[in-house]
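Subject: Structure handover

Hello,

Here is the structure I said I would pass on. My notes on it follow below.

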Amino acid sequence: MKTKKSIKTCLMMFIAISGFSQQDSSGIYFTANDYVNDQLSFAINCKTEKHKIKSDMIFHPKEISIKHADSTYTYPKDSIYGIKYCDGSIVRIYDNSEYPLINPDEKIMIYKNISGPVTKGSPSITRYYFSKDAKSNIQELTIYNIKAAFPDNHKFHDLVDMEFHDDDELTQYDSFHKIMKINHVLQNSLETK
């Protein structure tokens, strides 16, 4: 009995230490499963270590370079799921493009992409995208696409129609529940009466 308790205590400490070590960290997620399980490759503790991750190389736009320890590694962008930076931001790589994630701990993942001005003096363009979960494709954030991503959840469709009147409202944050409003609507649609 005492051995089981010791094993359980050690396991709990390992989980706590593992979770703690991921804070203030940076590295690469090679797969969606890596992201879901918070398993970083080339991981560092940002408070004590340094490395460089370059994803916007002008002459090699389809590659990512990682300078880690004393070595430099290069990977095709399409072989990497995402990048976590020391400031806590996460960028998902999809179809050789970068999608900054704004709600990493939620089911429906929202991405904010700002592209530079088309012509000199014109404003930047902000577009929002989503994936219905970490393993799904990224698509434009529209009411139609959100509903189509959950084709069998008719309660969700009805709640979306009641809560959102145009596509721009899909990026609203619910400060009371501390979650993106679309995710709170999804949670409500899944609750049983």
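A crossing of two helices is called right-handed if the near helix is turned clockwise from the far one by less than a right angle, and left-handed if anticlockwise. By that rule, the crossing of α4 and α5 is right-handed. Please keep in mind that this is a predicted model.

The two helices span residues 154-163 (α4) and 181-190 (α5), and their axes come within 9 Å and cross at roughly 140°. That angle makes α4 oblique to α5, because only angles over 145 degrees would count as roughly antiparallel. On the α4 side, the contact is made by K155, F156, L159, V160 and E163. On the α5 side, K181, I182, V185, L186, N188 and S189 take part. Sorted by class, the contact has six nonpolar, two polar and three charged residues.

Next, the disulfide. A search of the whole structure finds one. It is formed by C46 and C86, whose sulfur atoms are 2.0 Å apart. C46 lies in the loop between β2 (41-45) and β3 (51-54), and C86 in the loop between β6 (82-84) and β7 (90-94), so the pair ties together parts that are 40 residues apart in sequence. The torsion about the S-S bond is about -85°, so the disulfide is left-handed. C86 is partly exposed, at a relative accessible area of 41%.

S65 belongs to β4 (residues 63-68). With a relative accessibility of 12%, S65 counts as buried, because the cut-off for buried is under 20%. The C-alpha atom of S65 is 5.7 Å from that of I53, a residue twelve positions away along the chain.

Regards

Methods: Residues are numbered from 1 along each chain as its sequence is written. This is a predicted model: local features need pLDDT of at least 70, side-chain atom pairs count only at pLDDT 80 or more; totals for chains, interfaces and linings use all residues. Side-chain values use heavy atoms; hydrogens and water are left out. Helices (H or I, at least four residues) and strands (E, at least two) are DSSP runs, numbered from the N terminus. Buried means under 20% relative accessible area, exposed over 50%, partly exposed in between (1.4 Å probe, protein chains only). A disulfide is a pair of cysteine sulfur atoms within 2.5 Å. Axes are lines fitted to C-alpha atoms, for helices over the stretch in contact, and angles run from 0 to 180 degrees between N-to-C directions. Angles under 35 degrees count as roughly parallel, over 145 as roughly antiparallel, 65 to 115 as roughly perpendicular and the rest as oblique. Contact means heavy atoms within 4.5 Å. Ala, Val, Leu, Ile, Met, Phe, Trp, Tyr, Cys and Pro count as nonpolar, Asp, Glu, Lys and Arg as charged, and the others, Gly among them, as polar.
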